[in-house]
Amino acid sequence: MSCLSKEHRLNSSRDFKQLYQSGKKWHTSSFVAFFRSSENLQIGFVTSKKVGNAVLRSKARRKLRAIVLENENKIIAGKYIFVAKDELINKSYADLQKDFNFAFKRLNLYK
């Protein structure tokens, strides 16, 4: 099952607020990852106007979604938020994968 299906989306502002305040977080050069343990997998993606115009923000979210989909079966269940940084646009897929792996190893989020 895809982590982009409706039951795996993080939508409520209350969940976002709780994750920002009390979740684990790790900064990379291309994104910030927030995590809080939960029974099921829920993921949210955030891109601010600092990243660029609407086209660039959508591109950033698509890149993050692709990385998460590729690693969906490796990560533990919980609530995640990925906040894109403006450097994400210029990163190659391989560099983004390295950032993702490094962040998740540091947070101990791999199964």
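Because the model is predicted, local features are described where pLDDT is at least 70 and side-chain atom pairs count only at pLDDT 80 or more, while totals for chains, interfaces and linings use all residues. Residues are numbered from 1 along each chain as its sequence is written, and side-chain values use heavy atoms, with hydrogens and water left out.

The chain contains 3 helices and 4 strands, where helices (H or I, at least four residues) and strands (E, at least two) are DSSP runs numbered from the N terminus. Followed along the sequence, these elements give the pattern α-β-β-β-α-β-α. The radius of gyration, taken over C-alpha atoms, is 13 Å, close to the 13 Å that the globule rule (2.2 Å times the number of residues to the power 0.38) gives for 111 residues, so the chain is as compact as a globular protein of that length. Along the principal axes, the C-alpha atoms fill a box of roughly 35 × 25 × 25 Å. Of the 111 residues, 42% count as buried; here buried means under 20% relative accessible area, exposed means over 50%, and partly exposed lies in between, with a 1.4 Å probe and protein chains only. Contact means heavy atoms within 4.5 Å, and among the contacts with a separation of 6 or more, 79% come from residues 24 or more positions apart.

In soluble globular proteins, nonpolar side chains tend to be buried together. A nonpolar core is a set of buried Ala, Val, Leu, Ile, Met, Phe, Trp, Tyr and Cys residues joined through side-chain atoms within 4.5 Å, and the largest one in this structure has 23 residues, with Phe-31, Ile-43, Leu-64, Tyr-80, Phe-82, Phe-100 and Phe-104 having the most contacts inside it. The elements that give two or more residues to this core are strand 2 (31-37), strand 3 (42-46), helix 2 (54-70), strand 4 and helix 3 (93-106). Apart from it lies another core of 6 residues, among them Leu-10, Phe-16, Leu-19 and Phe-34.

Rings of Phe, Tyr and Trp (its six-membered ring) pair if their centres lie within 6.5 Å, and planes under 30 degrees apart count as stacked, over 60 as edge-to-face and the rest as tilted. The structure holds 13 such aromatic pairs. In one of them, the ring centres of Tyr-80 and Phe-82 are 6.2 Å apart and the planes are at 5°, so this pair is stacked.

Lys-79, in strand 4 (residues 78-84), counts as buried because its relative accessibility is 17%. Its side chain is joined to that of Asp-15 by a polar contact of 3.2 Å, a term for a pair of N or O atoms within 3.5 Å; within protein, one must be able to donate a hydrogen and the other to accept it, and residues adjacent in sequence count only if both atoms are side-chain atoms. Asp-99, found in helix 3, is buried with a relative accessible area of 13%. Leaving aside neighbours within four places in sequence, Asp-99 is in contact with Thr-28, Ser-29, Ser-30, Phe-31 and Lys-91.

Asn-108, in the segment after helix 3, counts as exposed at 59% relative accessibility. Its phi is near 55°, a positive value in a residue other than glycine.
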